[in-house]
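The sequence and model are shown first.

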Amino acid sequence: MTDAAAPIGATAPIDVARTVRSRSYLSALVLAALLGIPVSAIAYGFLALVSVVQKYLFTDLPSNLFDGSRPAWWPLPWLMLCGLLVALTIRHLPGTAGHSPALGFSTGGGPATGRDLPGIVIAALLTLGLGAVLGPEAPLIAIGGGLGALTVHLAKRDAPPMAATMMASAGSFAAVSTLLGSPLLGAFLIMEAAGIAGATLSLVALPGLLASGIGALVFVGLDAWTGLGTFSLALTTVPPGVQPTLASLLWSIPVGVAGALLGWGVRRLGLSLRPYVHRKRVAVTVGLGLVVGLCATGYQLATGRPFDEVLFSGQSALPGLVAGAAGYSVWVLVLLGLLKAVAYGVSLSAFRGGPVFPAMFTGAVLGIAVSGLPGMELAAAIGTGIGAMCCAMLRLPLTSVLLATLLMGTDGLTVIPQVVVAVVVSFVVTAVLPVPDAQRKPPG
């Protein structure tokens with residue numbers, strides 16, 4: 001007798017316990033552990049290469065040419081070159097060199113194919129190394145996922161789709177295992193963005209977490225062996241946490257609104273520029289690179305502070321920003337936030353990278369700027385600013401709360417109430433604000 005309660009055509013629910021005990025799933029766990037080693041090593045090498053390129057082009061070379069000083073105009077030719085090379089990569093290599101960051105953080109659409117990986121690697125390396133304002137997390141997730149799926153394809157061409165999905169997820173987990181400061185945070189980002197839930201969450205998360213743990217060990221080992229660095233987001237100086245007060249909770253509301261409005265402006269700028277990019281990709285992308293360079297040059301000329309604070313993802317500049325928060329005047333913070341936001345939005349429209357780190361840096365600038373308000377402590381201000389801005393850009397509220405609180409270690413636990421309020425407000429305001437219709441724009 002058939003089960004009358006089961007709808008016609010419905011698939012049977014997944015028996016997680018039975019699946020986990022199966023030989024094929026145990027083999028997948030072993031493969032995920034093995035996959036974590038080369039994928040994390042490749043990710044580490046990619047981040048190390050980006051760091052070397054940035055340091056040579058923007059620190060060593062100008063210091064040698066100009067007796068230790070760096071002229072304010074120095075970013076201009078490199079950002080124009082960045083635009084030229086990224087545009088040519090997107091135009092001539094297979095695929096679109098990865099997902100357009102203007103469309104938001106996404107892990108959907110399936111893993112990258114083997115033929116698309118060279119374009120993703122080259123475009124991301126050029127974007128990050130030559131100064132555009134995007135982060136490495138999205139390219140690393142794409143690279144790790146593509147390598148994981150490619151491994152399954154090479155090992156067994158007729159492997160079921162679930163196997164490819166599991167190994168692609170494991171590769172993505174391993175690639176960002178320590179980038180955000182914790183393997184769990186990177187895993188949470190991927191799972192919330194992909195909308196994985198239910199039984200699928202358990203089955204996909206286990207290989208991914210295993211690969212992520214192995215990847216974290218590889219990152220630590222390579223750091224000890226090479227001395228190049230961990231490439232993990234961490235603050236060198238953390239403002240002391242203070243117990244929540246009514247004043248700080250109330251201030252979290254306008255900070256959430258401000259983060260949502262700032263994020264809306266950045267996203268609107270990026271989406272509005274995309275049609276022009278697709279009409280004349282090379283010329284427009286070179287021009288947009290020049291705009292990013294002008295933002296950095298203008299900041300150094302106006303404030304006397306280094307142009308690096310406007311360029312790049314903000315990952316390496318964030319610890320110095322927080323540690324030296326007392327040394328920034330409000331007008332400098334406002335100028336830095338605005339110029340970083342413009343460079344961020346412009347970079348979203350035409351370059352290739354991730355939106356997480358620029359959102360965190362811009363949110364921290366917003367938080368420090370409001371930290372002088374009565375009853376608003378620095379730790380709570382930074383946490384709420386980061387949380388609100390990340391939520392506005394990523395539209396992932398749970399990940400945004402974790403990004404803002406785990407960054408500050410144990411002191412971050414005291415600011416969770418304020419961060420939650422700011423993130424919720426930012427999410428609601430972002431949901432009701434008008435957004436350009438990205439679906440009518442070209443996908444690349």
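A residue counts as buried when its relative accessible area is under 20%, as exposed when that area is over 50%, and as partly exposed in between. The model described here is predicted. F312 has a relative accessibility of 8% and therefore counts as buried. F312 is placed in the loop between α10 and α11 (318-323). Its phi is positive, about 65°, although F312 is not a glycine.

A97 lies in the loop between α3 and α4 (117-129). A97 is not a glycine, yet has a positive phi of about 60°. With 5% relative accessibility, A97 counts as buried.

**Overall composition**

The secondary structure of the protein chain consists of 16 helices and 0 strands. Of its 444 residues, 51% count as buried. Among contacts with a separation of 6 or more, 81% are between residues 24 or more positions apart.

The largest nonpolar core has 125 residues, and the members that touch the most others are L318, L321, Y344 and M360. Helix α2 (residues 23-65) contributes the most to this core, with 15 residues. Apart from neighbours within four places in sequence, L318 contacts L233, L235, M360, F361, A364 and L407.

Two packed helices are described by the angle between their axes and the distance between the axes.

| Helix pair | Angle between axes | Axis distance |
|---|---|---|
| α3 (residues 75-92) and α10 (residues 281-303) | roughly 150° | within 7 Å |
| α10 and α12 (residues 330-350) | about 170° | 10 Å |

The axes of α3 and α10 cross at roughly 150°, which makes α3 roughly antiparallel to α10. The crossing of α3 past α10 is right-handed. On the α3 side the contact is made by P75, L76, L79, M80, G83, L84, A87, L88, I90 and R91, and on the α10 side by R281, V282, T285, V286, G289, L290, V292, G293, L294, A296 and T297. By type, the residues of this contact are 14 nonpolar, 5 polar and 2 charged.

For the second pair, α10 and α12 pack at an angle of about 170°, so α10 is roughly antiparallel to α12. Here α10 supplies R281, T285, L288, V291, V292, C295, Y299, A302 and T303, while α12 supplies W331, V332, L335, L336, L339, V342, A343, V346, S347, S349 and A350. The residues of the contact between α10 and α12 divide into 15 nonpolar, 4 polar and 1 charged. R281, T285 and V292 of α10 are listed in the contact with α3 and also in the contact with α12.

Y276 belongs to helix α9 (residues 246-279). Its relative accessibility is 46%, so Y276 counts as partly exposed.

A164 is found in helix α6 (residues 161-175). A relative accessible area of 24% makes A164 partly exposed. A164 and G110 are 54 residues apart along the chain, and their C-alpha atoms are separated by 9.4 Å.

Definitions and conventions. Residues are numbered from 1 along each chain as its sequence is written. This is a predicted model: local features need pLDDT of at least 70, side-chain atom pairs count only at pLDDT 80 or more; totals for chains, interfaces and linings use all residues. Side-chain values use heavy atoms; hydrogens and water are left out. Axes are lines fitted to C-alpha atoms, for helices over the stretch in contact, and angles run from 0 to 180 degrees between N-to-C directions. Helices (H or I, at least four residues) and strands (E, at least two) are DSSP runs, numbered from the N terminus. Angles under 35 degrees count as roughly parallel, over 145 as roughly antiparallel, 65 to 115 as roughly perpendicular and the rest as oblique. A crossing is left-handed if the near helix is turned anticlockwise from the far one by less than a right angle, and right-handed if clockwise. Contact means heavy atoms within 4.5 Å. Ala, Val, Leu, Ile, Met, Phe, Trp, Tyr, Cys and Pro count as nonpolar, Asp, Glu, Lys and Arg as charged, and the others, Gly among them, as polar. A nonpolar core is a set of buried Ala, Val, Leu, Ile, Met, Phe, Trp, Tyr and Cys residues joined through side-chain atoms within 4.5 Å. Buried means under 20% relative accessible area, exposed over 50%, partly exposed in between (1.4 Å probe, protein chains only).
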